[in-house]
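Q: I have a structure open and would like to go through some of its geometry. Could we begin with the pockets?
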Amino acid sequence: MIYKQRFENFDFTLLLVALCIFCIGLLSIYSATRTQEVELSKSLVTKQLISIVISLVVFTILVSFDYQKYIDFSYFIYAVSLFLLVLVLFIGRTKFGAQRWFNLGPFTFQPSEFAKLALVITLASHIGKRRVYDLSLSTVIMSILLTIPMMFLIAIEPDLGTALVLAAILFSMLYMGGIRLKHLVSIMLTGLVSLPIFWHYALRDYQKQRLLVFLNPNADPLGAGYTIIQSKIAIGSGWVFGKGWLAGTQNQLNFLPERHSDFIFSIIGEEWGFLGSAILVLLYFILIKHALSIYSRTNDSYGQLMVSGIVGMLAFQIVVNIAMTLGLMPVVGIPLPLMSYGGSSLIITMSSIALLINIGMRRTVF
Amino acid sequence: MRDKIFNTIINSLFSLLAVGLFYNQVIRAPLFMQLSQNNRIRVIQLSAPRGKILDRNGKVVAGNRVRLDCVIMPQEFIDKENGFSRLSSILGMPEDVLKKRFNRRLLNPFTPVVLAPDISKENAITIEEERFNMPGVFINANPIRDYVYKDAAAQLVGYIGEIGQKELDKLDRYGYRVNDLVGRSGIEEEYDNYLRGEDGGMQIEVDSKGKQNRVLGLKEPKEGRDVYLTVDIELQKYISELFGEGRGACVVMNPANGEILSLVSKPSFDPNVFVVPDNFKIKEILSGKSHPMLDRAISCAYPPGSIFKIAVATAALEERKLSTDREFICNGKFHLGNQVFDCWKENGHGPQNVINALKNSCNVFFYNTGMLLGPDLIAKYSQKFGFGRPTGIDLPQETSGLVPNKLWKRIKMGETWYNGETANYGIGQGYLLTTPIQVLGMTAAVANGGFLVRPHIVKRIASVDISAGSIRKLGISDNSLDVVTTSLRKVVEDDNGTGVKARVKGLSIAGKTGTAQTGRGTTHAWFVGFSPVDKPKVALVVLLEEGGKGGLNAAIMGGKIFKKAQELGLL
């Protein structure tokens with residue numbers, strides 16, 4: 001099915017950059033968990049390696065079929081995703097006070113990760129079908145109505161971070177899909193007005209705590225503020241050249257919580273310094289830029305919309321995650337794509353890169 | 001159009017990240033590097049053991065022992081209920097007392113709380129064994145001061161306490177720091193500089209729980225230097241026990257070189273109370289009516305009474321106002337103008353020369369002698385014998401006492417000197433005030449043939465001998481001293497001498513008793529003496545506050561001390 005001509009358009013750089021970032025992540029996960037228990041460290045690195053193998057298999061499958069096929073199945077994918085999100089609330093595994101995972105033997109599956117990609121495909125199908133010059137209000141409202149059940153189900157797990165990622169996907173796809181500015185502004189205003197209600201009824205105490213701590217980390221230096229403070233110290237003390245791999249004292253001496261998952265960037269900052277973190281940010285930038293170049297090379301509106309959603313999703317996660325470790329944004333549990341430990345996140349990120357490459361390969365379909 | 005805006009948004013977001021990184025990792029890096037160091041590096045003070053204080057035979061008087069504290073690390077003390085109930089049954093203290101104490105002393109989760117200071121070794125072992133059932137509870141071992149002889153040598157040895165702000169302001173340039181222990185009173189204060197060691201420190205790397213990871217640097221603490229006393233602690237203890245509940249002081253000295261063999265002041269206190277501060281007992285000591293912390297041997301001045309007749313007799317002989325032939329007749333009364341002064345013996349002693357007058361302690365004879373000398377000459381000889389100024393003993397808070405003369409009275413009271421006062425001066429009453437150590441200095445000068453020695457209490461510091469004391473010749477003729485010595489020998493050895501109760505079989509002892517009016521109807525009892533008379537090795541002074549007649553308990557005690565000194569090989 002992969003024609004030679006199409007293969008020439010395969011964006012190897014994109015894949016290479018992604019794998020590069022993954023390798024950096026792997027080194028950091030090793031460094032982060034090494035001190036706790038050698039066995040645990042080995043098993044985490046092994047699990048992450050197994051995840052990348054699975055990711056590459058999924059990647060190959062996704063690249064093999066024309067992405068238009070996925071658009072055709074979009075509502076089925078949406079239904080499956082929604083079903084899984086409901087199911088996880090009943091039979092999911094509870095960890096850190098949140099019910100987000102399915103147990104699959106030694107692995108876990110996080111349906112909210114899958115929901116991100118499902119939403120991208122669903123919205124692409126929904127908006128792409130009706131896209132003329134600008135979007136009708138009914139399309140906009142329908143898109144919002146498609147997003148809200150997913151957001152709601154994820155928010156009550158609770159997983160505020162991923163719920164926000166869905167919002168980012170929605171907004172970037174509506175914007176690139178041609179929403180009228182007055183519609184966009186009214187949505188934003190509505191959101192802003194409903195913020196206090198949201199604060200009162202939707203946020204859990206620990207989430208409120210995190211937001212308050214963002215405003216003043218020293219208000220509770222041993223509790224919720226601890227992570228931000230220690231993360232800033234770790235990154236800042238890395239200086240230009242870093243303390244060296246496995247030599248970060250904040251990391252190795254256990255001052256950083258959640259450092260192999262959401263706060264993995266602070267390890268990069270501490271052990272590899274400004275140089276290392278700048279290179280990592282640059283790699284992410286190249287990744288996003290390549291995705292955007294695929295957008296401009298594609299004429300198909302479904303493809304363009306999917307690229308917009310994926311770029312919105314990835315950029316949002318990257319920027320918010322790194323800004324959070326720097327103390328520039330409140331702590332919301334968002335993994336750093338390709339870096340943070342976690343199979344679901346890795347597989348979904350690689351899948352979205354597969355979609356990007358897929359769209360890039362088949363741009364001359366017409 | 002929109003893709004360009006989208007592009008710009010992405011570009012600016014990533015630029016923001018780059019700026020944020022640059023700001024934190026380059027511009028603010030020094031701050032964060034410092035913070036990260038503070039995170040991981042702790043400096044632990046290693047306190048240097050204080051030097052020991054030992055007696056002349058090498059017996060430890062003040063040493064160090066290990067104090068075991070039961071300490072709680074609040075952060076790790078999770079199972080409070082179980083922990084407190086176990087500790088309560090091990091330590092034998094009610095649970096709510098422990099809880100209250102814990103809550104009162106809790107500062108923050110990282111600072112250990114001392115729950116029970118100075119627990120027994122058995123309890124400490126039990127707690128160590130059960131540590132795994134009580135996370136956060138552990139035993140801390142610290143070297144602390146141990147005053148082996150408790151109250152027997154309290155004023156002499158002194159005690160230690162945490163340095164106060166005032167002392168710190170004065171001493172911080174000598175390396176004293178907050179929470180340092182500093183010597184208070186006695187040898188501990190006087191020789192603090194030598195006794196205190198130099199604290200060391202250890203730099204350790206800790207993890208986020210404060211657990212030690214590795215040692216980064218170490219400065220070994222330097223132990224303080226040992227101080228060896230001239231004191232014989234067994235004699236000291238014996239004398240201390242002799243006093244019983246009585247108040248007073250006793251100093252024993254080698255008259256040849258000024259080495260103090262014992263220095264006892266009663267009532268006393270247990271200096272250990274200050275080591276592991278027991279506020280209740282400290283309060284009791286500080287507010288005690290009898291002032292147990294006062295060193296009565298050096299810090300209190302008393303009228304010397306008849307003891308002073310030694311100085312007056314010497315003065316009269318030296319000034320040739322008297323010869324051994326000169327007699328005064330004592331009929332029990334001395335008339336001066338229309339004033340009448342009594343002798344202690346109502347019927348009188350009859351004709352007395354200086355030798356008999358000293359032996360009998362005849363007041364009438366010394367009223368006359370006082371009148372012959374006049375106040376200024378008496379004062380001159382008093383000062384020669386060391387009265388009126390500190391002896392220079394190596395202990396803090398020595399007082400001068402008071403030697404009055406005509407000029408002093410005019411300046412101090414704006415009055416002329418009365419003849420009646422001169423008569424009283426002759427028997428050691430009136431304004432005159434002396435400390436027991438000064439009285440001993442005079443006794444020693446008579447014993448050693450006219451030398452004033454500086455009493456001292458420290459023989460050597462570590463291996464450096466510092467005992468060479470100053471000895472000053474008084475310039476009193478041997479003749480006068482012989483007369484006085486002969487008389488003093490009769491005081492003890494004649495069957496009708498006033499100090500006969502101090503007699504010890506097989507020892508030649510010279511002595512003098514004194515019964516000093518206190519002005520409150522009671523009398524202080526004095527006894528001074530030295531032995532053997534020909535080549536004295538031990539001189540002593542006993543003062544019993546409100547102790548009745550000097551010839552009684554004071555003399556008995558003097559005799560017992562001589563006997564004990566002989567047993568201990570000091571004589």
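Q: What volume does the second largest pocket have?
A: The second largest pocket has a volume of about 1,800 Å³. A pocket is an open set of points, on a 1 Å grid over the protein atoms alone, where a 1.4 Å probe fits, with protein on both sides within 12 Å along at least five of seven lines. The volume is the space filled by probe spheres set on the points, which are joined across faces, edges and corners.

Q: And how far can I take the model itself?
A: This is a predicted model, in which local features need pLDDT of at least 70 and side-chain atom pairs count only at pLDDT 80 or more, while totals for chains, interfaces and linings use all residues; side-chain values use heavy atoms, without hydrogens and water. Residues are numbered from 1 along each chain as its sequence is written, and chains are lettered from A and ligands numbered from 1 in the order in which they are written.

Q: Which residues lie nearest the centre of that second largest pocket?
A: They are A:Met151, A:Leu164, A:Ala167, A:Ala168 and A:Phe171, out of 41 lining residues (those with an atom within 4 Å of a point).

Q: Which element gives the most to the lining?
A: Helix 8 of chain A does, with nine residues. Helices are DSSP runs of H or I with at least four residues, strands are runs of E with at least two, and both are numbered from the N terminus.

Q: What is the lining like by class?
A: The lining has 35 nonpolar, five polar and one charged residues. Ala, Val, Leu, Ile, Met, Phe, Trp, Tyr, Cys and Pro count as nonpolar, Asp, Glu, Lys and Arg as charged, and the others, Gly among them, as polar.

Q: Changing topic: what is the strand order of the open sheet in chain B?
A: The order is 1-8-9, with antiparallel pairing; two strands pair if DSSP finds at least two bridges between them. Strand 1 (41-46) and strand 9 (212-219) each have a single partner strand, so one side of each is left without a neighbour in the sheet.

Q: How many bridges are there between strands 8 and 9 of chain B?
A: Six bridges pair them in the antiparallel sense, and B:Ile204 has B:Val215 as its bridge partner.

Q: Which strands form a hairpin in chain B?
A: Strand 18 and strand 19 do, with two residues between them. B:Ala462 in the turn has a positive phi of about 50 degrees, and B:Ile461 stands opposite B:Val464.
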